[in-house]
Amino acid sequence: QVLIAPAAAMLAAKQQQLGLAYLRLALRLDPARNEAWLMVGDIMEAAGDVEGARQAYSKPRPGAPEFSSARTKLAWSYQNAKQPDVALKMAQEAAATGDREARITYADLLRANDRYAESAELMSGLIAETPSPDWRLLYMRGVAYERSGRWPQAEADFQAALKIRPDEPELLNYLGYMWIDRNENLPKALEMVKKAVALQPRSGAIIDSLGWGYYRLGDYKQAVQTLERAVMLEPADPDVNDHLGDAYWQVGRKI
């Protein structure tokens, strides 16, 4: 226990190797310290040692307080490795413990694997159980609704989430971009995206939304300038490049 405390402080200070040394000492003394195994897994994951991370995350056993968190981390490890079936199985096991965060992770993974209806249903259960409205749950369900073609329900969730968190850039951008892309509420959508850009001025995705808003309003010169900023920040994003190409075409820069 004495060794784990400075290990956590070292990790917070980005002293990964020293932190890892203290954690290894602690686990040599007590191999059942699950919180230490989770920290070791996080260090291994950050260093690119996927197998080492998975071994550490596999240590907490069912019934342990850290089990659902460990299973969640394992699930994302397999999802990132393009093994969605394994990831979903592990996330489902963690969600079965009833842990709230594990259930949210399972809903996230369902959505990441295009199982939007199941994700929305799981989020609805969580929303119904939550005493006060949680903007994050409403936002996640809204995304699942939008991806499954249920726009009226998605729009309602986004607007409800914004009432709770009116200055959340991710929310402002998502709803603003959807309105822009659908050619709806353009002046209001543009103001929302401008606010999001002011809150996150280095986000290429949000600046892209602003540029696309100018494009939809017919201000192609401003669209080009804005989308060029976006593509500098997100040069490999196909949507940003596509939007910039459309803007170039409109101002006569066709080649």
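This is a predicted model: local features need pLDDT of at least 70, side-chain atom pairs count only at pLDDT 80 or more; totals for chains, interfaces and linings use all residues.
Residues are numbered from 1 along each chain as its sequence is written, and side-chain values use heavy atoms, with hydrogens and water left out.

**Two loops**

Lys 82 lies in the loop between α5 and α6 (84-95); helices are DSSP runs (H or I, at least four residues), numbered from the N terminus. Its phi is positive, about 60 degrees, although Lys 82 is not a glycine. Most residues other than glycine have a negative phi.

A polar atom of the Asn 113 side chain lies 2.8 Å from the backbone oxygen of Leu 109. Not counting residues up to four places away in sequence, Asn 113 touches Gln 79, Pro 84 and Leu 88, contact meaning heavy atoms within 4.5 Å.

**Helix α3**

Select residues 34-46. The 13 residues of helix α3 should span 18 Å at 1.5 Å a residue, and the end C-alpha atoms are 19 Å apart, which agrees; the expected span is 1.5 Å times one less than the number of residues. Buried residues of α3 include Trp 37, Leu 38, Ile 43 and Met 44. Among the elements that cover the buried residues of α3 are α1 (4-12), α2 (16-29), α4 (50-57) and α5 (67-80). After α3 comes Gly 48, with a positive phi near 85 degrees.

Now show Lys 59: its charged end sits over the ring of Trp 37, 5.0 Å from the ring centre. The criterion is NZ of Lys or CZ of Arg within 6 Å of the ring centre and within 35 degrees of the ring normal. Arg 54 has its charged end over the ring of Tyr 78, 3.7 Å from the centre.

**The cores**

Which residues touch the most other members of the largest nonpolar core? Of its 40 residues, they are Tyr 139, Trp 151, Phe 158, Leu 171 and Leu 175. A nonpolar core is a set of buried Ala, Val, Leu, Ile, Met, Phe, Trp, Tyr and Cys residues joined through side-chain atoms within 4.5 Å. Another core, of 36 residues, lies apart from it, with Ile 43, Met 44, Leu 122 and Leu 126 among them.

Select Leu 126 in helix α8; at 2% relative accessibility, Leu 126 counts as buried.

**Aromatic pairs**

The structure holds 7 aromatic pairs. Rings of Phe, Tyr and Trp (its six-membered ring) pair if their centres lie within 6.5 Å; planes under 30 degrees apart count as stacked, over 60 as edge-to-face and the rest as tilted. The Tyr 139 and Tyr 174 rings have centres 5.8 Å apart and planes at 85 degrees, so the pair is edge-to-face. Tyr 139 is in helix α9 and Tyr 174 in helix α11, 35 residues apart.

End at Trp 212 and Tyr 215, both in helix α13. Their ring centres are 4.5 Å apart and their planes at 10 degrees, so this pair is stacked. Both Trp 212 and Tyr 215 are buried.

Conventions: A polar contact is a pair of N or O atoms within 3.5 Å; within protein, one must be able to donate a hydrogen and the other to accept it, and residues adjacent in sequence count only if both atoms are side-chain atoms. Buried means under 20% relative accessible area, exposed over 50%, partly exposed in between (1.4 Å probe, protein chains only).
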